[in-house]
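Hi everyone, thanks for coming.

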Amino acid sequence: MHVGTGSSFLEQLSAITEGWDGSIERRYCHLSNVSALLNQYLEKINWVGFYLMREDRTALVLGPFQGKVACTDISLDRGVCGLAARSKQSVRVDDVHTFPGHIACDSASRSELVVPLINKNGDVLGVLDVDSAQRGRFAEDDQHLLERAAKIISQALWT
């Protein structure tokens with residue numbers, strides 16, 4: 001596994017998400033802390049953060065993150081983030097340069113894992129996006145762990 005000990009990570013995530021309030025201002029504060037936690041626990045990454053669904057549901061907008069400057073708006077019909085939001089499923093890409101429509105916010109990125117944030121009604125509210133400069137960085141166990149994390153985050157913020 002590429003993520004420290006998964007159980008301690010999920011325990012810490014659960015602890016910092018307990019009692020969150022869902023106002024927009026507080027949502028950004030909480031997601032900032034989660035992106036910092038993810039950046040601390042995930043090895044060999046160069047970007048981690050959130051893209052949140054625009055009100056008109058036509059695009060994702062940059063939310064809290066850790067890493068270099070990022071793209072601010074992502075149309076739902078483009079990139080790995082757009083595919084994850086449209087399909088409501090995680091997307092793991094070993095080599096982003098072979099992914100049709102990849103959006104190169106950071107030319108150093110080689111692999112990407114995007115997990116949708118879905119509320120109890122089944123609506124996609126955003127995505128958790130993780131990039132790495134290492135090709136093939138993300139394994140199935142990373143995906144499963146981040147899917148569990150996305151459920152915790154979604155339940156805390158948007159129930």
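Let me start with a question: is Arg135 buried or exposed? Arg135 is exposed, since its relative accessible area is 53% and exposed means over 50%. Before I go on, please keep in mind that this is a predicted model.

I picked Arg135 because of its partner. Its side chain meets that of Asp95 in a salt bridge, with 3.3 Å from N to O. Asp95 sits in the loop between strand S4 (91-93) and S5, while Arg135 sits in the loop between S6 and H4, so this pair ties together parts that are 40 residues apart in sequence.

In general, side chains of opposite charge can pair when their charged atoms come close. The count of salt bridges here is 3. Another one joins Asp142 and Arg137, whose closest N and O atoms are 3.1 Å apart. Here both partners are buried: Asp142 has 1% relative accessibility, and Arg137 has 0%. Then there is Arg54 with Asp56, where the closest N and O atoms are 2.7 Å apart. Arg54 counts as partly exposed at 32%, and so does Asp56 at 44%.

Now for the nonpolar side of things. Which residues touch the most other members of the largest nonpolar core? Those are Phe9, Leu13, Leu38, Phe50, Leu128, Val130 and Ile153, out of 30 residues in that core. The elements giving two or more residues to this core are helix H1 (6-17), H2, S1, strand S5 (111-118), S6 and helix H4 (140-157). H4 provides the largest share, with 8 residues.

Next, empty space. Rolling a probe the size of a water molecule over the atoms shows where empty space is left. How many cavities of 30 Å³ or more does a search of the whole structure find? The search finds 1, and about 170 Å³ of space lies in the largest cavity. The lining has 17 residues, and the closest to the centre are Ile103, Cys105, Glu112, Asp129 and Asp131. Strand S1 (47-53), helix H3 (79-87) and strand S6 (124-132) each give two or more residues to that lining, with the largest share, 3 residues, coming from H3. By class, the lining has 10 nonpolar, 3 polar and 4 charged residues.

Last stop, the backbone. Lys44 has a positive phi of about 55°, although it is not a glycine. Lys44 is in the loop between helix H2 (24-41) and S1, and with 57% relative accessibility it counts as exposed. Arg57 is another non-glycine residue with a positive phi, near 60°. You'll find Arg57 in the loop between S1 and strand S2 (59-67), and at 39% relative accessibility it counts as partly exposed.

How values were computed:
Residues numbered from 1 in each chain as written. Predicted model: local features only at pLDDT ≥ 70, side-chain atom pairs only at ≥ 80, totals over all residues. Heavy atoms only, no water. 1 Å grid on protein atoms, 1.4 Å probe; cavity = no way out; pocket = protein on both sides within 12 Å on 5 of 7 lines; lining within 4 Å. Points joined across faces, edges and corners; volume = space filled by probe spheres on them. Helix = DSSP H or I, 4+ residues; strand = E, 2+ residues; numbered from the N terminus. Nonpolar A, V, L, I, M, F, W, Y, C, P; charged D, E, K, R; others polar. Buried < 20%, exposed > 50% of the residue type's maximum accessible area, 1.4 Å probe, protein only. Core = buried A, V, L, I, M, F, W, Y, C linked by side-chain atoms within 4.5 Å. Salt bridge = Lys/Arg side-chain N within 4 Å of Asp/Glu carboxyl O.
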